[in-house]
Amino acid sequence: MNILVTIDANYVPQTAVLLRSLLHSNPDEFFTVYVAHSSLTDRDFEKIGDGIDSNRCVVVPVPVSESLFSGETVLGRIPKETYYRLFAIDFLPEDVERILYLDADTVAINSLRPYYDLDFGGSLIAASSHTFGLVEFINRVRLKSKGRKYVNAGVMLMNIQGMRICGITTEDIRRYIKANAKKLILADQDVINALYGDRILQVDPRLFNLDEKVFMQHGGQIDLDWVKANTAVVHYNGADKPWNPNYSGRLAIFYERHSEGLDLPREEAGAPESGRSEKKGQTGGRKKKIIAGIVLVSILAALAAAYLMTGKQLLEFFKDSSGIKVWLDGFGVWGRIIFIAVRAFQTVIKIIPAEPLEIGAGYAFGTWGGLLFCMLGTLAGSLIIIMLAKIFGAKLLNLFVPAKKLRSFAFARDSKKLTAALFVMYLIPGTPKDLFTYMAPFLPMKISRFLLITGIARIPSILMSTWIGEELTEKNYIAAAVIFAATLLISGVYMLVSKNRAAAAKSNA
């Protein structure tokens, strides 16, 4: 079985772990492991092969010239090592017809044979997708890809024989990289999806490229026992790695099993992606964290300043629902756009109370018009929250939902329970709905499904508020009071039931 890795000295220990896992999980296989590099030493290869059964595994060094990417504009921000796998047809032996590429931050925990023997059926790559929905669409547009799905290039079976005759040459790849350097956010992964997109065979990520995100998204269908029995490759992609302190992922146990006894670096809080130079690898993760931290602090500081300067005035202004109508009327047709923007802002930042704003929408646009514009603003705000959560990850989520509290949400790991819990939570007025929107990217549910379920569930609550607003416009104070009382009653009953359930659960624990 042919395996390809592209690494530098920074990933030598992890490659040793990968090889250990290959042999342990595939006891009847012989591996030829091609290691493409431009800086490894004989000592590095000794470390990679330390403790490896040479009767079952041969490590083949594949030196790649430092000048492979000399002068490329892309080198300003992306290390050249990242691209080596793109040129596998140039440096692999002629008798290699297929090869399984693995990032060094992966481990094999079951047989790779079902993956390795896949029928390409005319495809050039067999890989898994870790994206969906809006992100999927953006990637296709950004790269003008003909592929059905955007795949993760950290684990992929490569049809080397097909690539040699497909018509895409290494010069074509070079030209594409030069012409599109500014849009290649994810380096060679973008190139692979752009150039080979319509000739990529999709494989199940749960089986062949399981990362923490996919594991969480399928939390109602799979657990660690299922992974132990079915998954072939576990992938620790992203900045957080299982060999670093405070790794919080549940899949770390599979890495620890194969790394026992090896001297692995643990001083970095985040490690670089496979294939980067040692110097850049050590500093790249730190730089990204510093930049992300600066951006996040800047956003929070700007919001805090906005609140200190205008927050109290906004709060007082938007408490007056009737005043909202007068204010919006002054903008004419633009009043609707202004309201949607304000509603989106309110969804993201809890300076403005929701209910008076919704009643004001009923004042200004009527029951159904108010509902429509509230829903549009809420959708826009929810998308902003989800985008922020995706960019800043779990650290942003922990600002609003502490990790200890997050772990207590057992329903979040079961997709069936999650659907019901989300619907009820967003249905009842007064619950902390928007805090849970920050959890959306980390839930075992597609973002589109999350938005659909929570959007439908919000309708009754918003409708009650806009109805109150319209009744107040008509001076039907009794009707407005009855609707308001009903809303309070429903919220009170829900809070009481939730409190009793929490107390019962605590006493049974």
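Modeller: A residue is called buried when its relative accessible area is under 20%, exposed when it is over 50%, and partly exposed in between (1.4 Å probe, protein chains only). The model is predicted, so local features need pLDDT of at least 70 and side-chain atom pairs count only at pLDDT 80 or more, while totals for chains, interfaces and linings use all residues. Residues are numbered from 1 along each chain as its sequence is written, and side-chain values use heavy atoms, with hydrogens and water left out.

Biologist: What percentage of the 509 residues of the protein chain count as buried?

Modeller: The secondary structure comes to 22 helices and nine strands. These are DSSP runs, numbered from the N terminus: helices are H or I with at least four residues, and strands are E with at least two. Of the 509 residues in the chain, the share that counts as buried is 50%.

Biologist: Among contacts between residues at least 6 apart in sequence, what percentage join residues at least 24 apart?

Modeller: A contact means heavy atoms within 4.5 Å. Among contacts in the protein chain between residues at least 6 apart in sequence, the part that joins residues at least 24 apart is 78%.

Biologist: In the open sheet of seven strands, which are the edge strands?

Modeller: Two strands pair if DSSP finds at least two bridges between them. The sheet has mixed pairing and the order β3-β2-β1-β4-β7-β6-β8. Each edge strand pairs on one side only, and these strands are β3 (57-63) and β8 (200-202).

Biologist: Which residues of strand β4 are buried on its two sides?

Modeller: Both faces of β4 (residues 99-102) are covered. On one side lie the buried residues Ile 99 and Tyr 101, and on the other Leu 100 and Leu 102.

Biologist: Which residue in β4 is the bridge partner of Leu 4?

Modeller: Strand β1 (residues 2-6) and β4 run parallel and are joined by two bridges. In β4, the bridge partner of Leu 4 is Tyr 101.

Biologist: Which residue in β7 is the bridge partner of Leu 100?

Modeller: β4 and β7 run antiparallel, with four bridges between them. Ile 99 stands opposite Met 158 in β7, a strand in which eight of eight residues are buried. The bridge partner of Leu 100 in β7 is Leu 157.

Biologist: Which residue in β7 stands opposite Ala 127?

Modeller: Strand β6 (residues 125-129) pairs with β7 (residues 151-158) in the antiparallel sense, over five bridges. Ser 128 has Asn 152 as its bridge partner in β7. Opposite Ala 127 stands Met 156.

Biologist: At about what angle does helix α8 run to β7?

Modeller: Axes are lines fitted to C-alpha atoms, for helices over the stretch in contact, and angles run from 0 to 180 degrees between N-to-C directions. Helix α8 (residues 187-196) lies across β6, β7 and β8. To β7, α8 runs at about 65°.

Biologist: How many aromatic pairs does a search of the whole structure find?

Modeller: Rings of Phe, Tyr and Trp (its six-membered ring) pair if their centres lie within 6.5 Å; planes under 30 degrees apart count as stacked, over 60 as edge-to-face and the rest as tilted. The number of aromatic pairs found in the whole structure is six.

Biologist: How many residues apart are Tyr 115 and Phe 208?

Modeller: These two residues form a stacked pair, 4.6 Å centre to centre with 25° between the planes. The pair links distant parts of the chain, helix α4 (residues 113-116) and helix α9 (residues 205-208). Tyr 115 and Phe 208 are both buried, and their separation in residues is 93.

Biologist: Why is the pair of Phe 339 and Phe 365 edge-to-face?

Modeller: The ring centres of Phe 339 and Phe 365 are 5.6 Å apart. The pair is edge-to-face because the planes stand at 75°.

Biologist: Is Phe 365 buried or exposed?

Modeller: Phe 339 lies in helix α15 (residues 334-348) and Phe 365 in helix α16 (residues 354-392), 26 residues apart. Phe 339 is buried, and Phe 365 is likewise buried.
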